Amino acid sequence: LEQCDAAKKNAEKSVAAPVISAAATKLKSLAKSPKESSLEPTFAPGDFIDEYQLEEFLGAGGFGESWRALDREANEVVIKVLHKNVDPKTFHVEADVDEKLGSPEASRLHHIRPLKAKHLDAERPYLVFDYIEGHTLREYLQEVGPFAESESIAIIKQLLDAVGYAHSKGIVNRDRKAENIILSDDGTVTVMDFVISKDQSKLKLDGSLDSAAVVSSVLGTVA
């Protein structure tokens with residue numbers, strides 16, 4: 001059944017692949033601009049975090065900063081490091097959510113970036129994810145423009161698969177935005193960043209969250 005599901009998903013995403021590949025070529029031809037972020041990185045290319053060598057600053061958000069890095073086998077990964085002034089519970093919540101989503105293979109099949117490793121006891125807690133080659137939906141829309149109807153449908157089907165799969169595991173992602181969606185050259189859509197997701201299993205009978213699951217009173221991104 002998993003093989004049938006994979007074949008179906010490959011057929012669906014192939015509709016979007018030509019335009020995404022063409023758009024990717026255009027994006028690659030553009031001058032590489034610095035990553036937009038209101039926060040400056042606290043590391044530099046070449047620095048090590050344990051066995052991971054940092055290569056490229058990918059950006060920073062409200063909870064941490066992200067880097068493309070190399071592991072001991074020179075495999076590309078993404079390192080997400082918690083900001084110094086943020087409650088470490090934040091990453092415990094994200095790690096728990098990512099693990100609840102299942103194996104890395106299941107996450108990849110359902111268009112969700114899988115967690116590879118967690119280091120929650122480090123001086124600066126950090127998480128390690130798959131590195132996904134591609135561009136964010138925001139970059140495509142800003143630099144290339146809107147998609148055609150058929151292309152949009154192919155992309156939306158993959159997004160719905162990711163959201164539906166997360167819901168089937170009791171996870172509600174509360175920060176879906178164009179910056180958190182990666183489009184690869186072959187038409188694959190990948191959803192990332194579950195840091196402020198809600199785990200329905202942690203709801204009390206009155207509908208409120210257990211205190212351990214609450215990490216902030218202000219959530220998401222202002223539209």
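Residues are numbered from 1 along each chain as its sequence is written. In this predicted model, local features need pLDDT of at least 70 and side-chain atom pairs pLDDT 80 or more, whereas totals for chains, interfaces and linings use all residues, and side-chain values use heavy atoms, without hydrogens or water.

The protein holds six helices and 11 strands (DSSP runs numbered from the N terminus; helices are H or I of at least four residues, strands E of at least two). Of its 223 residues, 42% are buried (under 20% relative accessible area; exposed is over 50%, partly exposed in between; 1.4 Å probe, protein chains only). Among contacts (heavy atoms within 4.5 Å) with a separation of 6 or more, 58% join residues 24 or more positions apart.

Helix α3 covers residues 89-100. Its 12 residues should span 16 Å at 1.5 Å a residue, and the end C-alpha atoms are 16 Å apart, which agrees (the expected span is 1.5 Å times one less than the number of residues). Its buried residues are Thr90, Phe91, Val93, Glu94, Ala95, Val97 and Asp98. Their cover includes β4 (76-82), β5 (115-119), β6 (126-130) and β8 (171-172). Gly102 follows α3, with a positive phi near 105 degrees.

Most residues other than glycine have a negative phi. Asp50 sits in the loop between β1 (48-49) and β2 (52-60). Its relative accessibility is 52%, so Asp50 counts as exposed. His111 lies in the loop between α4 (104-109) and β5. At 6% relative accessibility, His111 counts as buried.
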